[in-house]
Amino acid sequence: MTSENAIRTAIEQAIGEHELILFMKGTPDQPRCGFSARTVAVLESLGAPFAAVDILPDPRIRQELSAVSGWPTIPQLFHKGELVGGCDIVSEMYETGELAEQLGVAAQAGETPEDGVDGAPLTVENRLN
Amino acid sequence: MVTTDEIKQRIETGLPAARAEVTGDGQHFRAEIVSPAFGGLSRIQQHKLVYELFGSELGGRIHALSLKTSTE
């Protein structure tokens, strides 16, 4: 039985070890929520490699994540250890070009991508099982 | 059932001089909010101010609240 403390430590380590990491419902290939799917589609369209953690297997993951970040909803995107935001902020920053700038990838003009757009190969990690 | 009016009212009473336009289906909502309270804050901080009004109801009786915030 994993304790809450161990889960929180694993979350903090994952955030610290991955330059870009997304906590989401489901996986990038099989998102289980429209907001998670939309956020994945934005990252894929930028070609930004990211780690992903599915928060659904254990409700304590979400609880501890929100305690760490102070952010109540899923998905949550972290860049260099800092919370970037959820779906709304990520989408808005994508549309203005701020996200490409912050992530250091070439800006792509225009519209928010459709859900489920095929993108670059993903680095998927789930160390919280 | 949560109504768009309830969400609107709680935002407008919870934030100074806020005006909110809320749409939604009873579970998923979208709010466009203008308030001087957002001045000088990052997007993250602006959204946190709003989320704090709803606490644990977010993810519970309110499945999702999508936000667009500005100061004018």
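Two residues are in contact if their C-beta atoms, placed from the backbone, lie within 7 Å. By this definition, among contacts in chain B between residues at least 6 apart in sequence, 40% join residues at least 24 apart. The model is predicted: local features need pLDDT of at least 70, side-chain atom pairs count only at pLDDT 80 or more, and totals for chains, interfaces and linings use all residues. Residues are numbered from 1 along each chain as its sequence is written, while chains are lettered from A and ligands numbered from 1 in the order in which they are written.

Chain B has 2 helices and 3 strands. Helices (H or I, at least four residues) and strands (E, at least two) are DSSP runs, numbered from the N terminus. Along the sequence, the pattern of chain B is α-β-β-α-β. Its radius of gyration, taken over C-alpha atoms, is 11 Å. The globule rule (2.2 Å times the number of residues to the power 0.38) gives 11 Å for 72 residues, so chain B is as compact as a globular protein of that length. The C-alpha atoms of chain B fill a box of roughly 35 × 20 × 15 Å along the principal axes. Of the 72 residues of chain B, 29% count as buried. A residue is buried if 20 or more other C-beta atoms lie within 10 Å of its own, exposed if 12 or fewer, and partly exposed in between.

Chain A holds an open sheet of 4 strands, in the order β2-β1-β3-β4, with mixed pairing. Two strands pair if DSSP finds at least two bridges between them. Strands β2 (51-54) and β4 (82-85) of chain A stand at the edges with a single partner each, so one side of each has no neighbour in the sheet. Strand β3 (residues 76-79) of chain A runs antiparallel to β4(A), and 3 bridges join the two. Within this pair, A:His79 stands opposite A:Glu82. Helix α4 (residues 87-96) of chain A packs on the sheet and touches β3 and β4 of chain A. The direction of α4 makes about 75° with that of β4(A). Such angles run from 0 to 180 degrees between N-to-C directions, with axes fitted to C-alpha atoms, for helices over the stretch in contact.

A:Gly47 lies in the loop between α2 (34-46) and β2 of chain A. This residue counts as partly exposed because it has 14 C-beta neighbours inside 10 Å.

The contact between the chains takes 8 residues from chain A and 11 residues from chain B. On the side of chain A, β4 and α4 are the elements that give two or more residues.
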